[in-house]
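Please look at the sequence and the three-dimensional structure shown below.

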Amino acid sequence: QAQDNVFKIGLILPMTGQQASTGRQIEAAAKLYMAQNGDTVAGKKIQLIVKDDTATPDVTKRLAQELIVNDKVNVIAGFGVTPAALAAAPLATQSKTPQVVMAAATSSITEASPYIVRTSFTLPQVSVAMGDWAPKNGIKSVVTLVSDYGPGNDAEKYFSERFALNGGKVIEKLRVPLRNPDFAPFLQKVRDAKPDALFVFVPSGAGSAVMKQFLERGMDKAGIKLIGTGDVTDDDQLNDMGDGALGVVTTHHYSAAHPSAANKKFVEAFMKANKGMRPNFMAVGGYDGMRVIYEALKQTKGQGGGDALLAAMKGQVFESPRGEVLIDAQTRDIVQDVYLRKVEKKDGQLYNVEFDVLKAVKDPGKAK
Ligand code: DHB
């Protein structure tokens, strides 16, 4: 039967709505991976089925159900936001279908199902690095501003705790709604509080709105620095943010300017295949997620069910465009280098230029 020779990957992504850039980046990366590595693996023809969940968890759940039951996919993947990843988790468990989380980054996601493997990052992983860097670099007081849901709460907690441990003072913790946030009233509060810096987490796609309002309100001129996780200086948007973004320091696991041969090759191929679109950290999560799936299929010689595939995903070590990574066999979460980066101009374009690195960082959220 023809079906037996097909290996189906159900890719659930926000292709429309507020999170659409995440879907666009990940779909492009998954297709690039397939173009570079072929669509036949261990004798199976790879079929990618892309579904738009608009980042709405009820829709994610329905699509995951349909993909698993009707299309009989071998793997579900994608998941642009935390609530979407969590909505699909019980279905992955019930059906023993590996769920490759390529984007969502709340620490606890991997604990929602033993069938989840993550190729993105976690907010604790990147936020702690800023809690160490800031107080050593003249930032003694901070206001935090985060999107009010899983990853924002993680970023706020792990940054604040580490910053305070290092003698820093968190003056105020502000949370903005995930949907259509108006940053203006929050930024006014920050101005009044006069911290040395504003620490920000907003999801991919919201960074340029924060940057615009930060500059329009003259926060930089009032002596307030902008710091955060690299989601705010997202490579998908950074180049259009203007010179006001110069000097912004963030911590993250991927920059399009990462100076490795593997990354140069990745960025070039991605831009060539996508009309000059620069890949961001979402693209890398998608590209590496495809790699993890392809390798698992190879290792199981095309014969594996969900449990065998999952076992073959655990413990994979490889060179990603971001650097060396490991899928921790115990936690099924990604272990990776975390970089300190500063926005600089290179050849007339804005980039997050890496200037320091913490090697092989595990998710601090899994320590307990
Ligand atoms: C999540 C979404 C993002 O766009 C991001 O940059 C980080 C985390 C999330 O919902 O988990």
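**Rings, charges and a pocket**

The charged end of lysine 157 sits over the ring of tyrosine 158, at 4.7 Å from the ring centre. A charge is said to sit over a ring if NZ of Lys or CZ of Arg is within 6 Å of the ring centre and within 35 degrees of the ring normal. Arginine 278 likewise has its charged end over a ring, that of tyrosine 351, 3.8 Å from the centre. This is a predicted model, in which local features need pLDDT of at least 70 and side-chain atom pairs count only at pLDDT 80 or more, while totals for chains, interfaces and linings use all residues. Residues are numbered from 1 along each chain as its sequence is written, and side-chain values use heavy atoms, with hydrogens and water left out.

Rings may also pair with one another. Rings of Phe, Tyr and Trp (its six-membered ring) form a pair if their centres lie within 6.5 Å; planes under 30 degrees apart count as stacked, over 60 as edge-to-face and the rest as tilted. By this rule there are nine aromatic pairs. The ring centres of tyrosine 33 and tyrosine 287 are 5.2 Å apart and the planes stand at 80 degrees, so this pair is edge-to-face. Because tyrosine 33 lies in helix 1 (residues 20–37) and tyrosine 287 in helix 9 (residues 281–299), the pair ties together parts that are 254 residues apart in sequence. Helices (H or I, at least four residues) and strands (E, at least two) are DSSP runs, numbered from the N terminus. Both tyrosine 33 and tyrosine 287 are buried, where buried means under 20% relative accessible area, exposed over 50%, and partly exposed in between (1.4 Å probe, protein chains only).

Tyrosine 254 and phenylalanine 266 form another edge-to-face pair, with 6.5 Å from centre to centre and 80 degrees between the planes. Tyrosine 254 is buried, with a relative accessible area of 1%, and phenylalanine 266 is buried at 2%. Ring pairs link Tyr33, Tyr254, Phe266, Phe270, Tyr287 and Tyr294 into a cluster.

The pocket comes last. On a 1 Å grid over the protein atoms alone, a pocket is an open set of points with protein on both sides within 12 Å along at least five of seven lines, and lining residues have an atom within 4 Å of a point. The largest pocket has a volume of about 280 Å³, a volume being the space filled by probe spheres set on the points. Of the 15 residues that line this pocket, the closest to its centre are Tyr33, Gln36, Tyr287, Glu319 and Pro321. Helix 9 gives the largest share of the lining, five residues.

Methods. On a 1 Å grid over the protein atoms alone, a cavity is a set of points where a 1.4 Å probe fits but cannot get out, and a pocket is an open set with protein on both sides within 12 Å along at least five of seven lines; lining residues have an atom within 4 Å of a point.
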